[in-house]
Amino acid sequence: MTGKLILSILGLLVGTHLFAQQGITGTVVDENGKMIGATVYITGDNSKITVTDVEAKYQINTEPGTYKLSVSWLGQVKDFPFEIVVTAGKFTQQDLNMGESAVDLTGAIVTGKAITNTDAAVVNEIQEGLTAKTGIGGTEISSSGASTAGDAIKQLPATSVEEGKYMVVRGLGDRYSISQVNGVTLPSTDPYRNSASLDLIPSFMLDNIVTEKTFSPNQPGNFTGGNMDIRTKSFPEKLFVNIGFSAAYNTTSSLKKGFIVAPEGMNDLPEELKNDSMRGILDASVLKLKSLARRGSPDSALFVDKYARELNTPFLPTEMNGVSPLDHGINFSMGNQHKSDESKNIFGYVIGLKYKKSYTYYRPFGADFDNPYTNKLTHSDIRNADAVYKRYLATKDNMQERFLFDDEKGNINENAGAFASLSWQHNLNHEYTFSTIYNSDVDNFARIQNGVSEQVVETNLYQARAAGTKERKMLNTQLRGKHVWLSEDKRQTKFEWIGGITKTSQFEPDLRFFSSHTLFYFDDVENNENARIDISSYGLPNHFFRELNDMKYDAKVDLTIPFTRQKANKIMVGGMYSAKTRDFSEYRFKVKTAPAVQENDGSQNWAPEWNSYLNNFGFDFTYEGDNISGFNQNNYYENDTRQSNFYTGTENIGAAYAMAVVQPAYRLKIVGGGRFESTDIKVTSRDTSLEVGSVNRLDFLPSLNLIYDLDADGKVNGEHKLRISGSRTLARPNMRELAPFFSFDFLGGFIYTGNENLDRTLVWNYDLTYQFFPENRPGEIFSVSAYYKEFINPIVKVFNVTSTTGEITFENLPKATVYGFELEYRKRLDAVAESLKNFTFATNLSYIYSQVAISNEEKAARDSLGMSVEEFRPFQGQSPYLANANIFYRNDSAGLNGALTFNVFGPRLFEVGALGNPDIYELPRPTLNLNFTKTFNDKLQLKFGVNNILDAKFRTQQEYKGEKYINEMYPLGRTFTFGVNYQVR
């Protein structure tokens, strides 16, 4: 019934609007920016008339034909002499500039596209901006083949992406960069991160992405690297309906036998085990349980027996039946606008749904490898595997292997999302928008590592297995408004407001770890092997249940008041308030084994069979009548939950700002002011013996931006601009970093713990930017920037030199600096040759240098090893260089779009070195992608692409005394994509 209702509603929405619409759309600007309230009409036909709205947009619906336009403003009329061709069923984009000579303003005519999602529209915003910024339009995002916001931002200058979802701007990780949706900052679904996971935001909902590079007081104070605002669609110019299917083949992961997955686990922890007193029953000794049972109180023994059986979900990764499928997905979106009251009221809506399932797999010995245990592995086999995981210990002479593992990992990702936006423009000067984004992202993963561990002797084969699921969810809801009041002399007072609620969660039910080793595996004695679990070396199998829930409320207001008839002069005031709460829990349960450790003979099969041991859980009760007289224990579970692994947190941020935009001279514009921002963060552990982590600060953040026009005619929106900026910003620790909570993922990985004494960081920022916007060449730009940043009390990851277990924590160090330069260039190639008129070339290059002081304790640890003692290291995730080069092809008459994109980052700090060891760096990974789309009859689209053409691998490395040591490596494979879309426009 529900399905029929949904189909009926969709049919009604689509069916009632499948009539042709066409006309002219665009924006009206002058030398001071967007012109709100300007009257636009077809020359000589006063019946075809409209007024620009709060975004200076206009739209005139008219029949197919050739037209000219006129604009009326403050009693002055300007007739534009060029002709605009309108074809059936399409809107022709035509931006109008009142401040330029109306000689050749046509630029590139783009049909059937929203005016804010083109590269020309984004470049126009960059040119008009009060701060230095960069961006990418929805059309470029679509042409590049990006499926998420995380994919899209890789093309932005000085921007790279960690783990496919966390942005790094100007070499600064997510702590120093902000991710927003329509001006509201998104929280992270990962407790170890400060910014949102950008892979949760699908590309089909994006209008454009714009990143501010310099700070102004109307932006959040935790701005240092950049403020990326993801703008979603709101007012489509006409009806569109789109449904698409996609499939992808990866050379490493697709159609492979032996793909490992996590076996089915518990969906949630039983409520009984969430109760402290009930869970405490699992702490009782077997002797105590037997004594109670003999005295007629068997409930505790029955309770332990019950959860010995219920918690015992399979530990060992299992293989998928058959071969792994192709990645596949489906998406649906539609939208329209309705006008009433002589176009004074406009209603718009956009809705979208998506589902995608993808498979990632790598194995140690290549695609044709079947079973690693048909014959014995050697140390050389493991070292030369295609996928390896290694850790080293530095000595005075060289690096010794602590862990030497081959590595096999399978992951199945299911991603589902929905987006809806409802907008209303009232009398063109008042706009209201309600939008919501929902996304669910679930990973089912399994990992197997085989090799040598320092925790067992070198002749033994160590095996580690991990399996589980991780589910991330985000629900973001916003209500926002924009209001413009025009005085008699057309001065524009603007008031904008936003209210938002964001709920995020990360849930890891039944994460399972299981380790064992095979004795005498690497010796020369035949039939001498047996497999066992060593309690003293690495512990018994265990289960983890982790859950994080965040709730965040946002409110923001901005008021802009012009104080002269010249629009450039204005005062801006406003404020914001954000309140976030967090609840985090981690439950742990470890196996308690029977008195005799189980051993399995490995002489015939180098993959020991553990099922008999793992299935042997629970108690064998003996009865006298109806009463339990005793029992024999097999394996059971002991509560290993720690009160310190539960914490709650609150984060309240308040701000108020005032700034002014003044144009004291024709060529000069000054943007200056300040922002007061309060920080109140508190993290409380359930372990009352631990200190409360807190940050309570009130900071003043000044900012000054100078914009100087270098053109001879002195127009502020001229071709050549020089921007100079100085500001102070801050960065905050996140709640995880303040929480005294230990966590780890697998043997060989680091243990992380928080630091309740962290403080916020202050940053001084200085920027110099030159921009060139060629006249009558919309969408083109040449920009070069230099910047310098000085950090006071920066927060960094450090290794605890007193720890023997590889413990990483977080500290405020005294100082750090970052400096660099960027170059951005976009050029339509018709200037080179008319035959290249459909091509656009875009490139950006960045050089970045950063240094963070190394603590005195770490210097001493390195000095004791005879290592050269460095004074500084770079910021986490910072690359010394970034480069992007893209060629876009667009041929509307042939219905063909394409993009060849190249991206590479320099070696970036992946992890600080433990125990005084050299730091670990992620090596450059040159990525070349080709994607193109062919449209038939404006309805059917076929999409093809190949990504990672160069077959780059993921690699991390340490360097010591001139030698290089690979830490981790695995193949990514080439991916071939195919998609089909059907659209009605």
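A: **Contacts, sheet and surroundings**

The side chains of Arg-826 and Glu-824 are joined by a polar contact of 3.2 Å (a pair of N or O atoms within 3.5 Å; within protein, one must be able to donate a hydrogen and the other to accept it, and residues adjacent in sequence count only if both atoms are side-chain atoms). This is a predicted model, in which local features need pLDDT of at least 70 and side-chain atom pairs count only at pLDDT 80 or more, while totals for chains, interfaces and linings use all residues. Residues are numbered from 1 along each chain as its sequence is written, and side-chain values use heavy atoms, with hydrogens and water left out.

Arg-826 lies in strand 45, residues 815–828 (strands are DSSP runs of E, at least two residues, numbered from the N terminus). Arg-826 counts as buried because its relative accessibility is 7% (buried means under 20% relative accessible area, exposed over 50%, partly exposed in between, with a 1.4 Å probe and protein chains only).

The open sheet has three strands in the order 40-44-43, with mixed pairing (two strands pair if DSSP finds at least two bridges between them). Strand 40 (751–752) and strand 43 (795–799) each have a single partner strand, so one side of each is left without a neighbour in the sheet. Strand 43 pairs with strand 44 (residues 807–812) in the antiparallel sense over five bridges, and Val-798 stands opposite Thr-809 in strand 44.

Leu-255 sits in the loop between strand 19 (240–250) and strand 20 (260–261), and is partly exposed at 47% relative accessible area. Leu-255 and Ser-324 are 69 residues apart in sequence, yet 4.6 Å apart in space, C-alpha to C-alpha.

Technical notes: Helices (H or I, at least four residues) and strands (E, at least two) are DSSP runs, numbered from the N terminus.
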